Amino acid sequence: MLRQKRFFLLVVLVSILLLALPGLATASESTLYYATAVTTVSTPQHSAVNLGSLVIVFDPITEGEHRALLSVPSGYTIMVPAVVQSVEDPHLNLSTSITGQANEFRVSINYEGRPQKRTFTVPFYTRIPSNATGDIQVSIDGMQGQFTDGTVTIGRIAGGNVSFASSETAMRTVKPETEIPYSLEVAEDTSNILRAGQGTLVFSLPKGLEWQPGIQIDVVRNGGFLPVPRLDSGNPRILLIDIEEQGVRSKGAFIMSGALKSERALGTGTEIKAEADGVDLTRGITLVLARVIAPQNEARFTVGRDWYLSNGRTLSMDVLPYTKEGRLFLPLRYVGLSMGVEPDNIKWNGSVATLVLGDKNVQVRPGSRQLVVNGSSIEMDVAAEFSQGRVMLPYRFIAEAFGASVDWDSSTRTVTMEL
């Protein structure tokens, strides 16, 4: 009797195990998708290009019919072989069939036999439209059997770029409210990057700097878009360039130019920068628009002192600067020397003083309000004088005749000239 019970229990256990085995096999079934490579290609491609192959792994495949719908983004045209052999069993085939859409196809296999691992490698050939961007992905829609839903990247569109080239204006002095000119070229190295809907180019200045109105846009190459500049209404440090579509598709380029201002004085060596943003491929680009450079010559004259500073050196004079009629009069000879005029290029014929520096020829006649630069007369508001054995005249006119900038400090009664 005991033996019969044991035998009965054994039969029951074996029956349960037999019933459970199909369920256990189903639980262990899996389907894996991956790409052999992610191929980088450019746009457009009117002929079929070979992208990475999609690998489908059934581990294991079970009896029955298995079907799925595979697709790539709209606008692509797929070409795949009609039959793909199993890597492990060349007699087992995965069939493909193109649907009514050029960017999708079906795959199917009717398998008979015991469960075992089977691998299929599906090569992808496709034409690529001109407006394609980003990754090329295959979407798998499991329709029947072991196929599951999934997405695999098999290709990638070569990213274009937007380049920025600045003329880097050189400024010798930057004082509060000084206008700093800039010129910046924006260019695509492939078409369609700066197209409508891509976003707005954003140029940001550091704190203390502000863009000025009157931005000029000059189109260098027509890329099918129109750049429209505007200042941010709430933040003058932000310059926006809206891109309005014009219909043409080619590499475009334009130059934006204008001026900006600083709230404070900027010292020698300062770089005036802007950050470019707004296009995914060029985020965080730092642009140098201008830089403050050391003056070639710097001189300082002070009322009542018989010496002056020239590039940091103290040099003596045989006359004293003085003020008259609200003007500071300086000796022509020493102003010329401080600007780099050689002593042999300072001449006096008894009635006219002549100074030559590079391509500048400056003539001054005591008693006259005419300052002659390269043959052209400039009217001064007071006449030059002959005093203390030297030709004296208002400092601003002679400094500006040589292209120097000037600054007057009323507290120290000192004039600074930079060339």
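**Exercise 1.** In this predicted model, determine which parts of the chain are linked by the salt bridge between the side chains of Glu177 and Lys261, and classify the exposure of Glu177.

*Solution.* Step 1: the side chains of Glu177 and Lys261 meet at 3.6 Å, N to O. A salt bridge requires a separation within 4 Å, so this pair qualifies. Step 2: Glu177 lies in the loop between β15 (169-171) and β16 (179-188), and Lys261 in strand β22 (residues 253-262). The two residues are 84 residues apart, and the pair links distant parts of the chain. Step 3: Glu177 has 52% relative accessibility. Because the cut-off for exposed is over 50%, Glu177 counts as exposed.

**Exercise 2.** Locate the partners of the salt bridge between Glu271 and Arg291, and identify the network that contains them.

*Solution.* Step 1: the N to O distance between the two side chains is 2.8 Å. Step 2: Glu271 belongs to strand β23 (residues 271-277) and Arg291 to strand β24 (residues 285-292), 20 residues apart. Step 3: Glu271, at 34% relative accessibility, is partly exposed; Arg291, with a relative accessible area of 26%, is also partly exposed. Step 4: salt bridges that share partners join Glu271, Lys273 and Arg291 into one network.

Note on methods
Residues numbered from 1 in each chain as written. Predicted model: local features only at pLDDT ≥ 70, side-chain atom pairs only at ≥ 80, totals over all residues. Heavy atoms only, no water. Helix = DSSP H or I, 4+ residues; strand = E, 2+ residues; numbered from the N terminus. Buried < 20%, exposed > 50% of the residue type's maximum accessible area, 1.4 Å probe, protein only.
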